[in-house]
Amino acid sequence: MHSYRAMPSRAYTQEEINDFFKIDYMGYFFWIGTFYLNSAVLIPNLLLKKKYFYYSLTFISIYALYLFFHHQIYVALEIDVPYNLMRTIWLRLPAFLLTMAASLAYSLNNNLLEYKNKLNETDREKLKTELSFLRSQISPHFIFNILNNIVALVRLNSSELEPTVMKLSGLMKYMLYHTDEEKVNIKVEEEYLKDYIDLQKQRFGRKVKVETTFNINNEYQLIEPMLLIPFIENAFKHGVSSIDDAHITIELFAGDHFLNFNVSNKYNPFYKEEKDSSSGIGIANVSRRINLLYENKHELTINNKNNLFEVNLILKLDA
């Protein structure tokens, strides 16, 4: 039943029926315009900014404008049926409310998607920042100790001076140029670890026995930079102090699709070392970094018993 129809005692002519359909079709274009006007202008600028009075006023004004044009079209078509305004108001109101409600749902859905995208972007930036932080450089105390060793080697005019400087230079180059990369060749990571271990062995001398095994089948396999060094740094930090027979074992095996990394060190359970904010990033933080980067592609096992601290890391590498 059309809102503009009275209850005539005669049947509509075909021409009048066609005129009614014309009014309906013209009304569809008004609803479409109202839909996008509400979603693109009114909701973001009035409703979401809590300008409820102005939104309500605009809401009513749009419907009044629709009724005005509806009446003008009705008159222009010269339909031989009396126009009933109140009937039109009540019977066209559901269509108007449905249009506005659909527009509101559409707008809120878009805003929700945009908000989620912003959250995802924020999370990505936060994750990027966090990972950059977790790619912490090695303890500055280590660098200071190596520099002191270099000073001693200079005074002694030792033949170990040049290789020591070259290894320290290699460490600094790696930290400056490779840590910003998403991934590096595992061979590059291996060389970095070896240089670090050699410098630590030179630093501690006979105070610690270090056994290393490196077996890389595919040197072009990629890995996150500075992912393994915190475990080795932790071993030297806690596995040498206050221990008479300090012993550290480091093993790295890498195939085409996996990496197996093991570090173990003896420690003194009664030795309480003061916390140093300038030391390495710690096992907890490096574990979090691994969880972020290899969420379902790793297995990290940490055992601490019988005065022996052991770390075993298995990574599934991309082919």
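Visitor: How many aromatic pairs does a search of the whole structure find?

Guide: This is a predicted model, in which local features need pLDDT of at least 70, side-chain atom pairs count only at pLDDT 80 or more, and totals for chains, interfaces and linings use all residues. Residues are numbered from 1 along each chain as its sequence is written, and side-chain values use heavy atoms, with hydrogens and water left out. Rings of Phe, Tyr and Trp (its six-membered ring) pair if their centres lie within 6.5 Å; planes under 30 degrees apart count as stacked, over 60 as edge-to-face and the rest as tilted. By that criterion, the number of aromatic pairs found in the whole structure is twelve.

Visitor: Which kind of pair do the rings of Phe 59 and Phe 96 form?

Guide: A pair of aromatic rings is described by the distance of the centres and the angle of the planes. For Phe 59 and Phe 96 the centres are 4.9 Å apart and the planes stand at 65°, so the pair is edge-to-face.

Visitor: How many residues apart in sequence are the parts that this pair of Phe 59 and Phe 96 ties together?

Guide: Helices (H or I, at least four residues) and strands (E, at least two) are DSSP runs, numbered from the N terminus. Phe 59 lies in helix H2 and Phe 96 in helix H3 (residues 85-134), so the parts tied together are separated in sequence by 37 residues.

Visitor: Is Phe 96 buried or exposed?

Guide: Buried means under 20% relative accessible area, exposed over 50%, and partly exposed in between (1.4 Å probe, protein chains only). Phe 59 has a relative accessible area of 22%, so it is partly exposed. Phe 96 has a relative accessible area of 0%, and is therefore buried.

Visitor: Which residues do ring pairs link into a cluster?

Guide: Phe 59 and Phe 96 both belong to this cluster. Its members are Phe 30, Tyr 55, Phe 59, Tyr 63, Tyr 66 and Phe 96.

Visitor: How far apart are the end C-alpha atoms of helix H2?

Guide: The expected span of a helix is 1.5 Å times one less than its number of residues. Helix H2 (residues 52-76) has 25 residues and should therefore span 36 Å. The distance between its end C-alpha atoms agrees with this, at 36 Å.

Visitor: Which side chain makes a polar contact with that of Ser 103?

Guide: Ser 103 is placed in helix H3 and counts as buried because its relative accessibility is 0%. Contact means heavy atoms within 4.5 Å; leaving aside residues up to four places away in sequence, Ser 103 touches Phe 35, Asn 38, Ser 39 and Ile 43. A polar contact is a pair of N or O atoms within 3.5 Å; within protein, one must be able to donate a hydrogen and the other to accept it, and residues adjacent in sequence count only if both atoms are side-chain atoms. At 3.2 Å, the side chain joined to Ser 103 by such a contact is that of Asn 38.

Visitor: In what order do the five strands of the open sheet lie?

Guide: Two strands pair if DSSP finds at least two bridges between them. Strand S2 (residues 208-216) runs parallel to strand S4 (residues 246-254), joined by nine bridges, whereas S4 and strand S5 (residues 258-266) are antiparallel over seven bridges. Strand S7 (residues 308-316) and S6 also pair in the antiparallel sense, over eight bridges. The pairing in the sheet is mixed, and the order is S2-S4-S5-S7-S6.

Visitor: Which are the edge strands?

Guide: An edge strand here pairs on one side only. The two are S2 and strand S6 (298-305).

Visitor: What is the bridge partner of Thr 249 in S5?

Guide: Thr 249 of S4 is the bridge partner of Glu 211. S4 and S5 form a hairpin with three residues between them. In S5, the partner of Thr 249 is Ser 264.

Visitor: How many helices and strands does the protein chain have?

Guide: Of the 319 residues in the protein chain, 35% are buried. Its elements are eight helices and seven strands.
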